[in-house]
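Dear colleague,

Please read them with the model open beside you.

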Amino acid sequence: MDETLAGQVSRDAAETYERSFVPALFRQWTGTMLDAARVGPDTTGGLDVACGTGVLARAAAARLGTSSGIAGVDSNEGMLAVARRLAPGIAWHAGRAEALPSEDASFDAVLCQFGLMFFEDRVGGLRQMMRVLRPGGRLAVAVWATLENSPGFAELARLVERHCGTRPAEALRVPFALGDTGELASLARRAGLVDWRIETLAGVARFASITDWIRTEVRGWSYSELVDDDRLATLVDEARRTMVRFVAADGSVAFDAPAHIVSATRPRDR
């Protein structure tokens, strides 16, 4: 997959991602994901697949009160550099979800928060996650719902396409590629998941301002190098004029950003 569409980012973009995207979008889902994977007092090991800068792995360590047994894996060195800086006690690994660098039955919980959309082989990635689960362990995978159900992102994609072209706009749309629950169900069946379910939950994207939102979207993601400073300024200016419906009285931005959570259990050995 083209690196722009695969979510590959530079170290600078990863720092922006952690500083702005994590509080705006991703941190709100960590508790839900840990609950879906039943991470609790009896959990002795957890793996965060496509961990990015590690917000979910850090939340797992905080819930358990220890980093022991918690690991994260990502193919993006820029993301991992930030993850290692923020939580050196967690075991961070470079690797692809389709070939996880872990032994069979290594973890009580395996989680993947908003990464499945970028896998080259989604079925293979799910099978790998089930492989490294211990019998009775839980899998939890989050993907965004359809772009149309996240109106701020849908409008931004159209704005980016008008001013920056098709490739940056497609990179913005890729995270919503598994919004169809029928396709998600097909993936679960083909991967051989057992006792699986899909739950759609409400979420909200929150940014400090229009400027913060647009700059974060461009400079914190994979197409940053495709948008020069002049085009970024143009995007900000037009967004201030045309996206006022997402702006609150205090200037902050908020809009719906729902997600699907797929959960499953690895059967106990018989």
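Which residues are linked with Arg 96 in a network of salt bridges? The partners are Glu 98 and Glu 120, which together with Arg 96 make up that network. Please keep in mind that this is a predicted model, and that a search of the whole structure finds 15 salt bridges.

Three further pairs deserve a description. In one of them, the side chains of Glu 18 and Arg 58 meet with a N to O distance of 2.9 Å. Glu 18 is buried, its relative accessible area being 11%.

Another salt bridge joins Arg 134 to Asp 108, whose closest N and O atoms are 2.9 Å apart. This pair links distant parts of the chain, with Arg 134 in strand β5 (residues 133-144) and Asp 108 in strand β4 (residues 107-113), 26 residues apart. Arg 134 is partly exposed at 27% relative accessibility, whereas Asp 108, at 19%, counts as buried because the cut-off for that class is under 20%.

Finally, Arg 162 pairs with Glu 238 in a salt bridge, the closest N and O atoms lying 2.6 Å apart. Here too distant parts of the chain are linked, since Arg 162 sits in helix α6 (residues 151-164) and Glu 238 in helix α10 (residues 229-242), 76 residues apart. Arg 162 is exposed, with a relative accessible area of 54%, while Glu 238 is buried at 12%.

Methods
Residues are numbered from 1 along each chain as its sequence is written. This is a predicted model: local features need pLDDT of at least 70, side-chain atom pairs count only at pLDDT 80 or more; totals for chains, interfaces and linings use all residues. Side-chain values use heavy atoms; hydrogens and water are left out. A salt bridge is a side-chain nitrogen of Lys or Arg within 4 Å of a carboxyl oxygen of Asp or Glu. Buried means under 20% relative accessible area, exposed over 50%, partly exposed in between (1.4 Å probe, protein chains only). Helices (H or I, at least four residues) and strands (E, at least two) are DSSP runs, numbered from the N terminus.
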